[in-house]
Structure formats: structure tokens, C-alpha cells
Amino acid sequence: MQNFTKEELIILRGVHSVLGRKYGKSGRYVSLIAKGDRKANTQVAKSILKDLKSILEILTEKEKP
């Protein structure tokens, strides 16, 4: 199950390490969640996924007319 499209993953590039630090995890861990290679079945993983979606919404809001 992929959580984001390739285009969305490109937009989110660079936030993985920041979110990792916020939650005491590695940027790689956050990346695995974003790509859907790791299930968001823990509270931390669910929080990371929620933050990724919020960040994406903020970053893509400017692109809409």
C-alpha cells in the first residue's frame, strides 16, 4: 500500500529527517512510511503519516489557483 504518489513524494523530499527528529526516529523510517514500505500500525507511525499529509496539504495549497 503506497501512501503517496511519486509526485507527492518529490514534494515531501527533505521533510523526512525533520519529522524523524521530532519523533525520535530516523529519516529512513519516515521515508518507509511515506512510501508504504512500512505499515503505519503504531501510534508513532500514525502520527508521522498524519504530519506528512498535513505538510503535503500546506505545500500543495499554493499550487492551486
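Tutor: Gladly! Read along the sequence, the pattern is α-α-α-α, and the chain has four helices and zero strands. Helices (H or I, at least four residues) and strands (E, at least two) are DSSP runs, numbered from the N terminus. Please keep in mind that this is a predicted model, in which local features need pLDDT of at least 70, side-chain atom pairs count only at pLDDT 80 or more, and totals for chains, interfaces and linings use all residues. Residues are numbered from 1 along each chain as its sequence is written, and side-chain values use heavy atoms, with hydrogens and water left out.

Student: What makes the pair K22 and D51 a salt bridge?

Tutor: The term asks for a side-chain nitrogen of Lys or Arg within 4 Å of a carboxyl oxygen of Asp or Glu. For K22 and D51 the N to O distance is 2.9 Å, so the pair qualifies. By this rule the count comes to one salt bridge.

Student: Which parts does the pair tie together?

Tutor: K22 lies in helix α2 (residues 16–23) and D51 in helix α4 (residues 43–61), so parts 29 residues apart in sequence are tied together.

Student: Why is D51 called buried, and K22 exposed?

Tutor: Buried means under 20% relative accessible area, exposed over 50%, and partly exposed in between (1.4 Å probe, protein chains only). D51 has 16%, so it is buried, while K22 has 55% and is therefore exposed.

Student: How do you know which label I11 gets?

Tutor: I11, in helix α1 (residues 6–11), has a relative accessibility of 28%, so the label is partly exposed. R13 sits in the loop between α1 and α2, and its 62% makes it exposed.

Student: What about A45: buried or exposed?

Tutor: A45 belongs to helix α4, and at 0% relative accessibility A45 counts as buried. Leaving aside neighbours within four places in sequence, A45 is in contact (heavy atoms within 4.5 Å) with Y29, I33, R38, K39 and A40.

Student: Which residues of helix α3 are buried?

Tutor: In α3 (residues 27–35) they are Y29, V30, S31, I33 and A34. What covers them includes α1, α2 and α4. After α3 comes G36, with a positive phi near 85°.

Student: How do you know that the radius of gyration agrees with a compact globule?

Tutor: That radius is taken over C-alpha atoms, and the globule rule is 2.2 Å times the number of residues to the power 0.38. For 65 residues the rule gives a value near 11 Å, and the chain has 11 Å, so the two agree. Along the principal axes, the C-alpha atoms fill a box of roughly 35 × 25 × 15 Å. Buried residues make up 31% of the 65 residues.

Student: What share of the contacts joins residues at least 24 apart?

Tutor: Among contacts between residues at least 6 apart in sequence, the share is 56%.

Student: And how many side chains count as positive or negative?

Tutor: Lys and Arg count as positive and Asp and Glu as negative, while His and the chain ends are not counted. That gives 14 positive and 7 negative side chains. Each charge is placed at NZ of Lys, CZ of Arg, CG of Asp or CD of Glu, and the centres of the two sets lie 9 Å apart.
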